[in-house]
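Let's take a friendly walk through a protein model together.

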Amino acid sequence: MQGRVTQEIRELLAEAEKDGACLATRSRRIREALERRVADGTLVSPLPLLYVDRDLWLGLTESQRTLHLMHGIHALHPSWVFCGTSAAVAHGLSVTERLQRPLEVATLSGARRCHARGSVRQVHVSGDAPVTASGVPVTSVERTVFDCARHLGLREGLAIADSSLHVGATDRERLISYVRSMGPRHRGSEIAHLATSLADPRPENGMESIARATMFELGFAAPELQVPFCDPMDPRKVHRVDFLWVLPDGTLVIGELDGGEKYVSPTMNGGTPLVAIRGERRRESRLTLERPRIVRFSPEEVLDVGYFDRLLETFGVPRDHAPLINVPEEQPFSETVPVEAYGLL
C-alpha cells in the first residue's frame, strides 16, 4: 500500500512539474502522505493544499513561483480569474517581487476577502472579459495595466505599462484608449492615465521604468531611451545607453542604471565579475570620446529620492515641469560604491 502511494505521489509531482504548477490535491489520503514529506523537508507547501519539491522551489525565480502557485490554485478553483499583479505576471509583465503577494483574484462583488492564510485576496473587477495567459484565466492586459497603475502608483504602474508594450501584449494607442474609456469613476484612474500616457516599449527592465517615473515626479525632462552610439574603434559595434539628455548648448548627459546582476550573474558577466567590469570600463571609455557627462546610479539610489534628485541636478539634467512630489530635505552626504566595482568578488 505504502509503495503504491509513493509511486502515485511521484507521478503526480512529475506531472505538476511538467505543467509548471504546484501539485494541488483535496485527497485526504494523498495530502497526509504529502504532509509527511513536508515535515521531513523533501517537499514544501507554499499554500494550503499545494505542494512542490523543495529543491525545485528554491531554484525558481519569484515570478516562476507565482505562476506555479497560480496553476495550482487554478486546479483547485477552475472558475477563478486572476487579476492585478497576478495577472500581470501571467501576461509576462514586469512586477516587483514584493508586490507579487498576495495573489489577486477577481470578484464581481464589492467585498474584499482573503483566503489561504491571507495569501490570496479577492479584488472587485467588473466589465472585463477574461483571457488566458500562461495557461490560467486572467483579466485582459489593458485592464491589468489599468488596475495595477491605479493601485500601485506611477513608478510601479509605469514599469507594468512599459513592459506591456515591450513584450507586445498590447500597443500604446489601444492601451491609452482603454484607460480613457474607464473614465474617472475608478479610484486612482488619474495615475493610470498618466502612466499610460508616459508608457514606452524601449525600457529593457522594470527598474529603468521606475527610474524614469521618478525623474518625471521630480520634474526632470523626459530622456531619450536606449540611444545607440557607434563604437569609434569599430563602427559596426553599437553601444546603447539607458537615458540621454541633450542640453541647449549641445552637451550630452548620459544616464546609466547600474544594476549589480550584470557583474555577478554567470549568464551576463562573460564568465567572471572581472570580465564584466573590464567590459563595462571599455564600453564607457568609448562613450566618453564625445565628452558627454555620464551619471551612473543604482536601483537603491533611485529609491533614495532626495539623493537621486541631487545627483541628476548636479550633472545638469534639465527640468521642464514642477515636481509632483515633495523632495526630502538634504541629508548628510554618503555615497556607497558596490564592492564589485573594485573587482573583489
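Start with two helices: α7 passes α9 in a right-handed crossing, meaning that the near helix is turned clockwise from the far one by less than a right angle. Helices here are DSSP runs of H or I with at least four residues, strands are E runs of at least two, and both are numbered from the N terminus. This is a predicted model, where local features need pLDDT of at least 70 and side-chain atom pairs pLDDT 80 or more, while totals for chains, interfaces and linings use all residues. Residues are numbered from 1 along each chain as its sequence is written, and side-chain values use heavy atoms, leaving out hydrogens and water.

The axes of α7 (residues 154-166) and α9 (residues 189-198) come within 9 Å and cross at roughly 45°. That makes α7 oblique to α9, the class left over once angles under 35 degrees (roughly parallel), over 145 (roughly antiparallel) and 65 to 115 (roughly perpendicular) are taken out. Where they meet, L154, G157, L158, A161 and D162 of α7 contact I191, L194, A195 and L198 of α9 (heavy atoms within 4.5 Å).

Now for the rings. F243, W245, F297 and F308 form one aromatic cluster; rings pair if their centres lie within 6.5 Å, with planes under 30 degrees apart called stacked, over 60 edge-to-face and the rest tilted. The rings of F297 and F308 have centres 5.0 Å apart and planes at 70°, so this pair is edge-to-face. F297 sits in strand β12 and F308 in helix α14. Both F297 and F308 are buried, that is, under 20% relative accessible area with a 1.4 Å probe, counting protein chains only.

Notes. Axes fitted to C-alpha atoms, helices over the stretch in contact; angles between N-to-C directions. Phe/Tyr/Trp six-rings, centres within 6.5 Å; stacked < 30°, edge-to-face > 60°. Buried < 20%, exposed > 50% of the residue type's maximum accessible area, 1.4 Å probe, protein only.
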